[in-house]
Amino acid sequence: MNTPSNPTITVATANWGGYWEKYGSRWTEAILQLDPAPTRVIVASDVPIQTDFEVVICEIKSLGPMRNAAIDFTDTEWFVPSDLDDLPLPNYIKDLKQDTEIHAFSYRYGGMSHGYRPTLWENAFSIDCPNPIGSCSAYKTDWAKRVRYRDIGWEDWAFWLDMKKAGARAHYDETVRWIYTRPPNSLSQQDVDRKENEIFTLKRAGW
């Protein structure tokens, strides 16, 4: 039963380019340790994979369309994306704040905790404002079904700004909920200038 203290939650990831073979076992182990356990776990993949989780096939090898495919496939109150090469901690989806549309998570990288500030949300459309929310943060599924991810480089950054434009509220949480690993040749290290220019172009156009 879905109650304010026990919401339904989907955790989802995306797979292509052999990532499941590299990171699937480690990610699966982390997901099985989540407390509370998610209602659904979905893998959007370009090919069938061996897993007990739900799989939705998406042949577009890009995070935005794959996130959308998983969102369309689920029916839970909350949706929480997770990247295959990162490590969700056991408290990843614990105590989500119900009276908001986005629950912004903090994470650990390089042995240090990293978080975001509410002022980033207030100034999110400013040209010099960085990405206001961590990519693997939680949000209400019904909002995501309407807003959708764009198929661009920094799909998460654009998604947060589209959510803000739609009127979404963001709650910022200092609790560390996942480990950001950033392995060599990960998407976060590819075509950075092009990805940033896509966002800046949208901002200059008035979003």
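These legends accompany several close-up views of one predicted model.

The model is predicted, with local features needing pLDDT of at least 70 and side-chain atom pairs counting only at pLDDT 80 or more, while totals for chains, interfaces and linings use all residues. Residues are numbered from 1 along each chain as its sequence is written, and side-chain values use heavy atoms, leaving out hydrogens and water.

View 1. Helices (H or I, at least four residues) and strands (E, at least two) are DSSP runs, numbered from the N terminus. Along the principal axes, the C-alpha atoms fill a box of roughly 45 × 40 × 35 Å. The radius of gyration, taken over C-alpha atoms, is compared with a globule rule of 2.2 Å times the number of residues to the power 0.38. For 207 residues, a compact globule would come out near 17 Å, and the 16 Å of the protein chain agrees with that. Of these residues, 52% count as buried; here buried means under 20% relative accessible area, exposed over 50%, and partly exposed in between (1.4 Å probe, protein chains only). Contact means heavy atoms within 4.5 Å. Among contacts between residues at least 6 apart in sequence, 73% join residues at least 24 apart.

**View 2. The largest nonpolar core, with 29 residues.** A nonpolar core is a set of buried Ala, Val, Leu, Ile, Met, Phe, Trp, Tyr and Cys residues joined through side-chain atoms within 4.5 Å. Look for I102, I133, Y139, F159, W160 and M163, the residues with the most contacts inside this core. Elements giving two or more residues to it include β1 (9-15), β2 (40-45) and α2 (63-73), and α2 supplies the largest share, five residues. Beyond its neighbours within four places in sequence, M163 is in contact with E101, I102, Y139, W143, V147 and A168. A second, separate core of 22 residues includes V43, V80, Y107 and C136.

**View 3. S137 in the loop between α3 and β8 (138-140).** With a relative accessible area of 0%, S137 is buried. Its side chain reaches the backbone oxygen of G134 at 2.9 Å. Not counting residues up to four places away in sequence, S137 touches F79, V80, P81, H103, A104, F105 and W160.

**View 4. T100 in the loop between β5 (87-88) and β6 (102-109).** T100 counts as buried because its relative accessibility is 4%. Leaving aside neighbours within four places in sequence, T100 is in contact with W78, K140, R169, A170 and H171.

**View 5. Helix α6 (residues 192-204) and its buried face.** The expected span of a helix is 1.5 Å times one less than its number of residues. For the 13 residues of α6 this gives 18 Å, and the end C-alpha atoms are 18 Å apart, in agreement. K195, I199, F200 and K203 are buried in this helix. Seen down the axis, the buried residues fall within an arc of 135°, so they line one face of α6; the arc is that of the directions from the helix axis to the C-beta atoms. An α-helix has 3.6 residues a turn, so residues three or four places apart point the same way. What covers the buried residues of α6 includes α5 (155-165), while on the other side D193 and R204 are exposed. G206, whose phi is positive, near 90°, follows α6.

Conventions: A polar contact is a pair of N or O atoms within 3.5 Å; within protein, one must be able to donate a hydrogen and the other to accept it, and residues adjacent in sequence count only if both atoms are side-chain atoms.
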